[in-house]
Protein chains: 2
Amino acid sequence: MDSKREDKSEPMKDDISIGLIGFGTVGCGVLKLLQEKKDLLEKRVGSRLVLRKVADLNITTPRIVTPDPQCLTTDALAVIADPNIDIVVELMGGYEPAHSFLLKAIAAKKHVVTANKALIATHGNDLFRAAEENGVDIGFEASVGGTIPIIKTLKESLVANHIESIFGIMNGTSNFILTKMTDDGESFDVVLKEAQRLGFAEADPTFDVEGIDASHKLAILVSLAYGKNVKLEDIYVEGITGITEQDIAFAKDLGYRIKLLGIAVDRGDAVEARVHPTMIPFRHLLANVNANFNAFHVVGSASGSIFLYGQGAGMMPTASAVMSDIVDIARNIRKGISSRVPARSIHEADMTDIKLRPFDEVRSNYYFRFSAVDRPGVLSKISGILGERNISISTVIQKGRTKEGAVPVVMTTYKARERDVREALQAIDQLDVVLGKTVLIRVEDDQL
Amino acid sequence: MDSKREDKSEPMKDDISIGLIGFGTVGCGVLKLLQEKKDLLEKRVGSRLVLRKVADLNITTPRIVTPDPQCLTTDALAVIADPNIDIVVELMGGYEPAHSFLLKAIAAKKHVVTANKALIATHGNDLFRAAEENGVDIGFEASVGGTIPIIKTLKESLVANHIESIFGIMNGTSNFILTKMTDDGESFDVVLKEAQRLGFAEADPTFDVEGIDASHKLAILVSLAYGKNVKLEDIYVEGITGITEQDIAFAKDLGYRIKLLGIAVDRGDAVEARVHPTMIPFRHLLANVNANFNAFHVVGSASGSIFLYGQGAGMMPTASAVMSDIVDIARNIRKGISSRVPARSIHEADMTDIKLRPFDEVRSNYYFRFSAVDRPGVLSKISGILGERNISISTVIQKGRTKEGAVPVVMTTYKARERDVREALQAIDQLDVVLGKTVLIRVEDDQL
């Protein structure tokens with residue numbers, strides 16, 4: 001390549017110009033790839049990909065990569081207003097002003113790329129519609145599963161499939177914590193502190209450990225697979241803060257591992273969408289996804305089982321996914337086209353609204369751990385209440401004995417309805433022979 | 001949709017017409033998807049995908065799907081010559097006449113799709129060049145890994161990555177046999193017969209069990225990742241016919257499972273490409289890919305580890321991949337473009353020739369099983385010969401005793417060079433205390 005070209009402040013006619021909004025970890029990763037893989041990317045696209053502007057409120061702190069100082073600005077709107085910029089990449093996160101910036105960029109006929117899962121999950125509808133109306137592309141591969149090409153797989157590979165189910169480990173922090181708890185037998189609190197020390201968990205870990213982040217990602221996948229207007233409040237969400245080392249040990253005895261799963265299953269009449277800790281058979285691939293890795297097990301009507309695994313976060317893995325969106329769009333720009341693949345792989349006008357099944361109606365297998373008084377007749381009382389609500393017991397484990405006189409009684413069930421289970425546990429927890437709240441963990445056996 | 005349209009023998013102006021050459025298992029799957037997913041596919045593409053001609057030498061045997069009788073022909077050239085056909089899908093397999101048909105279709109400015117791994121592995125260069133020169137697209141997703149989107153992931157997702165390594169289970173038949181041998185403790189011959197009975201192995205299984213099929217797939221992936229003109233004869237190929245239940249049991253004791261892997265590793269100065277039975281740690285995801293499934297573990301410089309898993313063959317899984325190529329091309333046709341993504345994701349003119357490392361120079365860990373006379377001093381003789389060639393022993397297992405007086409002595413080594421290992425084994429096998437040929441299986445520990 002002609003090195004003289006790089007000195008010119010005006011982009012070459014054939015160059016494709018990129019503006020970044022947000023110059024944090026992932027932004028640095030994207031710039032690093034633009035610099036280090038410059039020649040490879042030019043060969044892929046047929047044009048140079050040139051960073052033209054980077055906006056961040058903080059442009060003075062040194063980063064691991066250094067952009068041309070002329071590129072730096074504190075004004076995100078200057079990126080959007082730059083007539084030479086073809087692709088605006090939003091990597092600031094959060095709802096506002098990220099949402100307004102993306103809408104403004106789209107209105108200014110810029111193609112956009114974002115890694116912002118919370119934003120796509122809550123405002124995907126209007127962003128996708130705006131992109132289509134303005135004839136620009138919107139890339140969001142990095143919003144779910146980091147480096148894993150799960151979005152492209154659903155939009156471009158499984159095009160002739162009906163998606164029967166998606167089971168995914170969609171949050172690396174929770175998976176890191178559960179893996180450590182499983183491997184070391186430590187408590188949630190101890191492992192959380194270690195995860196925070198190692199940088200795998202935020203100072204305020206709520207978003208990750210309460211399942212909220214996973215529910216955003218699940219909402220995006222559900223929308224790609226089943227239809228638009230997924231309401232986050234219709235997705236059942238339960239995090240991992242209630243998981244104890246004791247339940248992990250019982251799971252092991254039963255042949256399971258506990259993972260925080262995002263689950264979407266098409267039942268024909270409605271789609272189930274839920275995020276909760278789940279016991280899965282220890283030989284299933286998902287049970288062997290450890291540390292901070294993410295993974296997705298998708299069943300397509302023609303493909304059968306597909307399983308995709310990789311880093312769900314981190315500077316370079318996420319930047320790799322952002323770059324795949326940038327190259328996809330740049331290849332369109334080279335050909336003078338856009339909207340080749342609609343945001344959800346079907347034009348917005350053809351997308352139907354989704355019907356989610358109320359969580360109360362979901363049927364699943366269950367694991368219960370009762371804290372029971374160690375006295376004859378307890379098992380009979382508990383199983384009587386379960387039986388009244390058509391909850392059939394599959395396994396019972398009772399072992400150990402605590403000083404206080406309470407023993408853990410563990411049961412697993414055959415398929416039962418969530419509402420029946422909750423009512424039964426409410427009744428059981430009021431028995432005088434039951435001390436403390438019963439632990440409930442859902443079990444997925446037969447769909448995996 | 002207006003049902004009257006379907007009666008017209010001339011395609012609508014906006015329809016995209018498909019011609020199939022080869023109406024066997026996968027061809028039936030493709031037609032099934034075109035029929036059953038007609039509405040979904042029309043929504044994806046924005047045009048109807050219409051089957052216009054199907055060529056097969058046998059058009060009289062009933063199939064599970066029935067095309068319009070007017071579509072059927074025994075003349076493949078009639079498909080290529082039909083001016084209304086936009087996309088020619090070759091599903092006949094084999095080298096000739098498939099190769100000529102594809103070249104003729106390309107010369108007639110048809111886009112082409114093929115699932116023919118042997119053909120792409122051996123004639124990819126001229127097919128890709130011809131496609132580029134004629135401004136048409138060539139899709140071959142189904143040629144490697146069946147339904148797994150490994151080709152698209154390399155071409156479109158990992159675009160900003162240098163590929164550091166690819167480890168894959170690329171042949172379902174071999175994996176089915178090794179899984180059965182591992183689970184049931186049966187011999188290769190017994191399990192092969194069962195696989196043939198179940199339809200997982202051909203009457204002549206050579207292509208699959210000798211690693212040839214896997215080497216074709218590896219050659220395609222190596223070419224996508226590292227450069228053109230991969231010579232099949234430069235890829236070391238060893239099949240699974242020499243694997244015994246005894247070695248599988250020793251592998252288990254050592255914490256390994258045996259899988260037939262296709263391996264490509266970039267060593268900086270050269271690329272290693274090899275297919276052979278390999279011991280891998282039993283907790284690795286690849287070790288848990290069972291039955292006839294395929295899987296790929298790819299390490300990208302930015303993405304880190306990515307793992308993709310699914311059905312590597314079969315009617316509907318393969319048809320699903322073929323349809324993803326058809327939809328990709330149809331979306332281009334709708335936009336009036338082609339060659340948006342070059343066949344190898346880089347224009348042919350920019351592809352460099354690959355340099356493969358001679359197999360003799362490859363360094364690996366090894367497992368040896370010696371049949372030794374049960375007499376003092378044997379271990380010293382064997383380890384002496386290994387030591388002379390800088391082969392350091394990591395583990396020794398000696399147990400059991402046969403009636404004939406020979407005992408299996410198992411060793412694993414630290415990293416050693418293939419040539420040194422072969423020379424050492426040749427010398428060892430000539431010792432009078434060694435009865436029979438020593439078994440050698442390569443071990444991959446640290447790269448996985």
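1. Residues are numbered from 1 along each chain as its sequence is written, and chains are lettered from A in the order in which they are written. In this predicted model, local features need pLDDT of at least 70 and side-chain atom pairs count only at pLDDT 80 or more, while totals for chains, interfaces and linings use all residues.

2. On chain B, 46 residues are in contact with 46 residues of chain A (C-beta atoms, placed from the backbone, within 7 Å). Helix 2 (38-45), helix 6 (150-157), strand 12 (304-311) and helix 12 (315-335) of chain B each give two or more residues to this side; helices (H or I, at least four residues) and strands (E, at least two) are DSSP runs numbered from the N terminus. Helix 12 of chain B supplies the largest share, 10 residues.

3. The side of chain B that touches chain A has 21 nonpolar, 14 polar and 11 charged residues (nonpolar: Ala, Val, Leu, Ile, Met, Phe, Trp, Tyr, Cys and Pro; charged: Asp, Glu, Lys and Arg; polar: the others, Gly among them).

4. Strand 12 of chain A (residues 304-311) pairs with strand 12 of chain B in the antiparallel sense, over three bridges (pairing requires at least two DSSP bridges). Within this pairing, A:Leu308 stands opposite B:Leu308.

Notes
Contact = placed C-beta atoms within 7 Å.
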